[in-house]
Amino acid sequence: MNKYTLVFILLIVLSCSNKSTTKQSLQQEQSHVVENTSIVILGNVQDAGSPQIGCKKECCADLFENPDAQRKVVSLGVIDTDNQKTYLFDATPDIAQQMKMLTQYEPKSDNEVVDGIFLTHAHIGHYTGLMYLGKEAMDANGTPIYAMPKMEEFLLHNGPWDQLVKRENAVLNAMVHQNAVELSQEIMVTPFLVPHRDEYSETVGYHIQGPNKSALFIPDIDKWEKWEKDIVEEIHKVDYAFLDATFYSGKEINNRDISEIPHPFVVESLEKFKGLNDKEKGKIVFIHFNHTNPLLNPNSEETQIVLDKGFKIGRINDIFEL
């Protein structure tokens with residue numbers, strides 16, 4: 001056996017070893033086994049991620065050198081175990097890893113692409129991941145995209161998004177306010193309008209109905225008081241409520257006009273929900289944290305305050321059975 005043959009064999013062994021290690025690492029990171037239809041948190045950070053571009057604050061200082069794999073832009077996944085299908089809620093800049101995470105949760109299917117993507121609105125963290133469906137990346141084949149009318153128009157008439165439709169990388173499915181999309185006999189997704197900064201599209205939250213339980217997903221809203229619905233009443237109707245918690249308080253933003261980027265402060269939500277009983281408080285899962293939000297740190301004082309009050313803080317790979 002000559003030396004070139006030996007080198008070739010060695011390269012094959014190393015290649016197989018690396019693939020095995022990668023698969024093993026994914027399995028270790030996702031230690032949960034999903035046996036029933038469920039929601040999984042695939043990210044909990046605001047659109048621009050953490051660390052955020054240009055950030056010189058203490059909250060970002062170490063993250064440029066030592067990235068935290070747990071910090072991905074907010075997204076939920078739905079795993080339909082009965083039909084071996086997966087659905088992604090929002091297409092973030094982290095979509096490559098998030099889609100891989102989600103499809104790995106459905107071991108009975110070899111599909112590397114989700115069976116549908118539901119969009120909430122046209123802010124950068126919620127739809128720009130669609131670019132990876134295009135010819136410069138995976139060149140997807142007819143991935144279903146669920147969008148509201150203005151969101152659909154935005155994608156149809158602006159590049160590079162229109163190219164996804166022309167090349168049939170994506171197939172747009174129009175949704176209607178409060179009209180359910182039936183994904184199976186047991187899973188329905190209903191969009192509903194919420195007030196937000198709608199520069200390019202409307203903004204929706206979702207009601208996700210599973211075989212046994214249901215959930216609200218509202219990653220972005222201006223203020224609870226601006227919504228025509230009573231958030232407390234809506235929480236009563238579901239089993240889980242994944243809610244906008246972009247800023248813990250106004251104090252953390254000292255270099256921008258906070259009135260231009262309204263969100264419910266966590267301290268405001270804690271006050272609004274303080275009258276709920278323990279069961280109702282336990283439904284609330286805070287998500288969509290700005291890079292400045294101390295709730296991103298599991299060891300922060302603010303994290304302990306929220307948990308002590310009976311609420312949950314969404315962390316990546318958290319699973320909620322539907």
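**Figure 1. A salt bridge between glutamate 268 and lysine 223.** In this predicted model, the side chains of glutamate 268 and lysine 223 meet in a salt bridge, with 2.9 Å from N to O. Glutamate 268 sits in helix α8 (residues 266-272) and lysine 223 in the loop between β10 and α7 (231-236), so the pair ties together parts that are 45 residues apart in sequence. Glutamate 268 is partly exposed, at 34% relative accessibility. Lysine 223, on the other hand, is buried, with a relative accessible area of 18%; the cut-off for buried is under 20%.

**Figure 2. Lysine 166 and aspartate 162 in helix α6.** Here the side chains of lysine 166 and aspartate 162 form a salt bridge, at 3.3 Å from N to O. What separates the two along the helix? They are four residues apart in α6, which means about one helical turn. Lysine 166 is exposed, with a relative accessible area of 65%, while aspartate 162 counts as buried at 17%.

**Figure 3. Lysine 274 and glutamate 271.** The closest N and O atoms of this salt bridge are 2.7 Å apart. Lysine 274 is exposed, with a relative accessible area of 52%.

**Figure 4. Helix α3 and the strands it packs against.** Helix α3 covers residues 95-104, and its buried residues are Ile95, Gln98, Met99, Met101, Leu102 and Thr103. Which strands do these residues pack against? They are β1 (38-43), β2 (75-80), β3 (85-89) and β4 (117-118).

Figure 5. Strand β5 (residues 143-147) is mostly covered, with four of its five residues buried. With β4 it pairs in the parallel sense over two bridges, and isoleucine 117 has isoleucine 145 of β5 as its bridge partner. Strand β6 (residues 170-174) also pairs with β5 in the parallel sense, over five bridges. Look for alanine 147 here: its bridge partner in β6 is alanine 174. One thing to keep in mind when reading side chains off such a view: in a regular strand they alternate between the two faces of the sheet.

Figure 6. The bond from glycine 159 to proline 160 is cis, with omega near 5 degrees. Where does proline 160 sit? It is in the loop between α5 (149-157) and α6 (161-166).

**Figure 7. Two non-glycine residues with positive phi.** Glutamine 84 has a positive phi of about 55 degrees, although it is not a glycine. Its place is the loop between β2 and β3, and it is partly exposed, with a relative accessible area of 30%. Aspartate 139, also not a glycine, has a positive phi of about 50 degrees. Aspartate 139 is found in the loop between α4 (124-127) and β5, and it is partly exposed at 37% relative accessible area.

**Figure 8. Threonine 37 and its contacts.** Threonine 37 is in the loop between α1 (3-29) and β1. Is threonine 37 buried or exposed? It is buried, with a relative accessible area of 5%. Leaving out residues up to four places away in sequence, threonine 37 touches Ile79, Asp80, Thr81, Asp82, Ile187, Pro211, Glu321 and Leu322.

**Figure 9. Glycine 129 beside threonine 92.** Glycine 129 belongs to the loop between α4 and β5 and is buried, with a relative accessible area of 0%. Glycine 129 and threonine 92 are 37 residues apart in sequence, yet their C-alpha atoms are 4.5 Å apart in space. Setting aside neighbours within four places in sequence, the contacts of glycine 129 are Ala91, Thr92, Pro93 and Ile95.

**Figure 10. An open sheet of seven strands.** The strand order is β7-β8-β9-β10-β11-β12-β13, and the pairing is mixed. Strands β7 (181-182) and β13 (312-313) are the edges, each pairing on one side only. Within the sheet, strand β9 (residues 204-209) and strand β10 (residues 214-218) run antiparallel and are joined by four bridges. To pick out one of these pairs, find isoleucine 208, whose bridge partner in β10 is alanine 215.

How values were computed:
Residues are numbered from 1 along each chain as its sequence is written. This is a predicted model: local features need pLDDT of at least 70, side-chain atom pairs count only at pLDDT 80 or more; totals for chains, interfaces and linings use all residues. Side-chain values use heavy atoms; hydrogens and water are left out. Buried means under 20% relative accessible area, exposed over 50%, partly exposed in between (1.4 Å probe, protein chains only). Contact means heavy atoms within 4.5 Å. Two strands pair if DSSP finds at least two bridges between them. A salt bridge is a side-chain nitrogen of Lys or Arg within 4 Å of a carboxyl oxygen of Asp or Glu.
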